[in-house]
Structures are given as structure tokens and as C-alpha cells.
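Have a look at the picture first, then read on.

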Amino acid sequence: MKTKPNFIKHCDELSTDKSFSYPNDTETFGTGAPLASLLGLEKLAINYEILKPGKRSSWPHAHKVEEEFIFILSGTPDIWINGNLYELKPGDCVGLPSGTGVAHTLINNSTKLVKALVVGEQNVPEDKIYYPMHPKRNQECKKNDFYWEDHPKHEFGTESGIPKTAKEDSQS
């Protein structure tokens, strides 16, 4: 069998246990891999998200220009949409068109690992973002000129966007 070219990889080969935190915060989020970047793609953002129980993919947020698409590979995460939780299962797809102001995040409130593909766009300089549950983050975005000032207003449900198993520990 021929040796595969370097742009053909298995997602687990590229995956790491590295997470991220927002500036001035200690919460860590899911792990996985930025597959598109690691395979040399510059326009698509394709992230392999691995969420351990009690983790979420990010703080709830919405994009002005970037579209996002989520495909659940395994597990049963909740998706937080404007303060409401919706349970997802393997094979479920979520399309988040740009400019709608629909704030979202994936949350693993289950006891099993969740794996998902999150597809978006990268290197979109005109994109703006807002974080409905994090006013301090919005101030940082304003300072760095990527806050979405005139985002559409939505009525929000009562869910905080914090994983249920981590609510007691959150400082956000």
C-alpha cells in the first residue's frame, strides 16, 4: 500500500488534550483538534470537538458574519440556544446562519464523552461577535474591535449556558 500524503490523517491522530480559556478566566473547555488548519486549509474551520462530562465548547456567543454547522458524532450533548437547552444525539445537525444573533454553545451535561464536528469559516476579518452571558468579554471585544454592537435582540430562556455538573464551580 502507498504511503498516504500528509493531508490525509485520522482525527484521533491530530487530536490533543489541550483546551483553552478566555482571557482573565480559568474555565477550560473541550479538547480535540482544529482539523482544517492542521491539514492546511485556510478558508474552512473544521474542529473536532471532544467534550468530557461537565464541559462546554465555549461561552455562549453569536457571530455577525461567520456561519457555523455542528454535527454530533457520538454522545448526547445539549445545545444551548438563547437560554434554552435542546438535547442532541449522534447524527443530529445544527445550522447557525450568520447575522441571526442566535447565541449558542454545546454543553455535555451527560456522563459520557461527546464528540462533534464543528464547521465554520476562518480568517474572516469582518466578523464580529457577542457573548450574551459575559459582559466583561464583550468589553474586551469592544476594545479589540470585534464586538457585534448592533446584533439582533432575542428573548432568552432561563438556562445559564453553564454545564449542570459545573454550575457550583463556575466563576464566569
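1. Start with Lys-64, which has a relative accessible area of 34%. That value lies between the 20% and 50% cut-offs, so Lys-64 counts as partly exposed. Keep in mind that this is a predicted model.

2. Lys-64 has a partner: Asp-150 makes a salt bridge with it, and their closest N and O atoms sit 3.9 Å apart. The two come from distant parts of the chain, 86 residues apart. Lys-64 is in the loop between strand 3 and strand 4 (68–74), while Asp-150 belongs to the segment after helix 3 (135–143). Asp-150 has a relative accessible area of 55%; exposed means over 50%, so Asp-150 is classed as exposed.

3. Now try Glu-27 and Arg-56: are they buried or exposed? Both are buried. They also form a salt bridge, with 2.7 Å between the closest N and O atoms. This pair, too, ties together distant parts of the chain, 29 residues apart. Glu-27 is in the loop between helix 1 (11–14) and strand 1 (31–34), and Arg-56 is in the loop between strand 2 (44–51) and strand 3 (62–63).

4. One more pair to click on is Lys-164 with Glu-159, a salt bridge whose closest N and O atoms are 3.2 Å apart. Lys-164 is partly exposed at 39% relative accessibility, and Glu-159 is partly exposed as well, at 23%.

5. As for the overall tally, the count comes to 7 salt bridges, including the Glu-27 to Arg-56 pair.

Technical notes:
Residues are numbered from 1 along each chain as its sequence is written. This is a predicted model: local features need pLDDT of at least 70, side-chain atom pairs count only at pLDDT 80 or more; totals for chains, interfaces and linings use all residues. Side-chain values use heavy atoms; hydrogens and water are left out. A salt bridge is a side-chain nitrogen of Lys or Arg within 4 Å of a carboxyl oxygen of Asp or Glu. Helices (H or I, at least four residues) and strands (E, at least two) are DSSP runs, numbered from the N terminus. Buried means under 20% relative accessible area, exposed over 50%, partly exposed in between (1.4 Å probe, protein chains only).
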